[in-house]
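User: I'd like to learn how to read a helical model feature by feature. Could you take me through one?

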Amino acid sequence: MEKKDDLSGIETIIGYHFFERQHLIRALTHPAYANELIQKNRICLTQDAYSTLGDAVLKTSLILFLMEKGLQDKGTITQAKEQLEDNRSLAKIGRRMKIKRFIRLGRGEKDLWQSGEDTILADTMEAIIGAIYLDSDAGLGVVRQCIGTWFEPELARIKREELPKKKIKPPLSSTSRRARPR
């Protein structure tokens with residue numbers, strides 16, 4: 001179990017104080033760490049489910065942010081969202097927030113870091129998002145506020161697309177109007 005100070009430190013970094021710290025602990029628990037405890041006949045839940053939930057919440061939040069910036073075309077939104085949410089981008093944010101020291105990896109962590117640091121950081125970021133979502137009683141507004149802060153530099157680089165002008169259709173002439181069925 002982490003020291004209370006360690007959890008307070010990451011809460012300060014992410015800008016959210018957990019009501020139920022078990023959510024945070026689970027979000028920080030990599031499957032490799034859990035496997036070590038399971039081998040010792042101890043129960044330990046991993047970040048996997050939280051990461052899946054956090055991925056969905058992140059996608060939704062990013063789409064909303066992009067729409068607020070004026071992006072309205074499906075293809076443009078999808079392209080911008082995919083760039084923001086890829087493992088490299090999430091890992092970069094995780095590094096900037098310095099979350100690495102809080103992740104529970106276990107004894108084999110050196111090998112894990114060398115082979116998949118971006119994936120570990122990205123999964124943990126998504127798991128933290130999922131944990132905040134659950135801890136805030138499924139409050140999308142609360143977690144969006146955190147995501148907005150974390151992604152601020154990346155979102156600032158997204159340019160408002162030039163919105164296409166609406167094509168105005170000419171009114172139908174009286175001869176081309178169809179009669180309404182009665």
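This is a predicted model: local features need pLDDT of at least 70, side-chain atom pairs count only at pLDDT 80 or more; totals for chains, interfaces and linings use all residues.

User: How many helices and strands does the chain have?

Analyst: Helices (H or I, at least four residues) and strands (E, at least two) are DSSP runs, numbered from the N terminus. Here you get nine helices and zero strands, so the pattern along the sequence reads α-α-α-α-α-α-α-α-α.

User: What share of the residues counts as buried?

Analyst: Buried means under 20% relative accessible area, exposed over 50%, and partly exposed in between (1.4 Å probe, protein chains only). Of the 182 residues in this chain, 43% are buried.

User: And how much of the contact in the chain comes from residues 24 or more positions apart?

Analyst: A contact means heavy atoms within 4.5 Å. Among contacts with a separation of 6 or more, 66% join residues 24 or more positions apart.

User: Next, helix pairs. At what angle do α4 and α5 cross?

Analyst: Axes are lines fitted to C-alpha atoms, for helices over the stretch in contact, and angles run from 0 to 180 degrees between N-to-C directions. Angles under 35 degrees count as roughly parallel, over 145 as roughly antiparallel, 65 to 115 as roughly perpendicular and the rest as oblique. Helix α4 (residues 48-68) and helix α5 (residues 74-85) cross at roughly 130°, and their axes come within 10 Å. That makes α4 oblique to α5.

User: Which hand does the crossing of α4 and α5 have, and which residues make the contact?

Analyst: A crossing is left-handed if the near helix is turned anticlockwise from the far one by less than a right angle, and right-handed if clockwise. The crossing of α4 and α5 is right-handed. On the α4 side, the contact uses D55, L58, K59, L62, I63, L66 and M67, and α5 brings I77, A80, K81, L84 and E85. For residue classes, Ala, Val, Leu, Ile, Met, Phe, Trp, Tyr, Cys and Pro count as nonpolar, Asp, Glu, Lys and Arg as charged, and the others, Gly among them, as polar. This contact has eight nonpolar, no polar and four charged residues.

User: How do α4 and α8 pack?

Analyst: Their axes are 10 Å apart, at an angle of about 70°, which means α4 is roughly perpendicular to α8. V57, L58, T60, S61, L62, L64, F65 and E68 of α4 meet L140, V143, R144, I147 and G148 of α8. By class, the residues of the contact of α4 with α8 are eight nonpolar, three polar and two charged.

User: Is R144 buried or exposed?

Analyst: R144 sits in helix α8 and is buried, because its relative accessible area is 17%. Beyond its neighbours within four places in sequence, R144 contacts S61, L64, F65 and E68.

User: What does W150 touch?

Analyst: W150 lies in helix α8 (residues 140-150) and counts as buried because its relative accessibility is 5%. Not counting residues up to four places away in sequence, W150 touches I14, I93, R96, M97, M125, I128, I129 and I132.

User: How many aromatic pairs does a search of the whole structure find?

Analyst: Rings of Phe, Tyr and Trp (its six-membered ring) pair if their centres lie within 6.5 Å; planes under 30 degrees apart count as stacked, over 60 as edge-to-face and the rest as tilted. The search finds one pair. Y16 and F18 form it, edge-to-face, at 4.9 Å centre to centre and 85° between the planes. Y16 is buried at 9% relative accessibility, and F18 is buried at 2%.

Terms used:
Residues are numbered from 1 along each chain as its sequence is written. Side-chain values use heavy atoms; hydrogens and water are left out.
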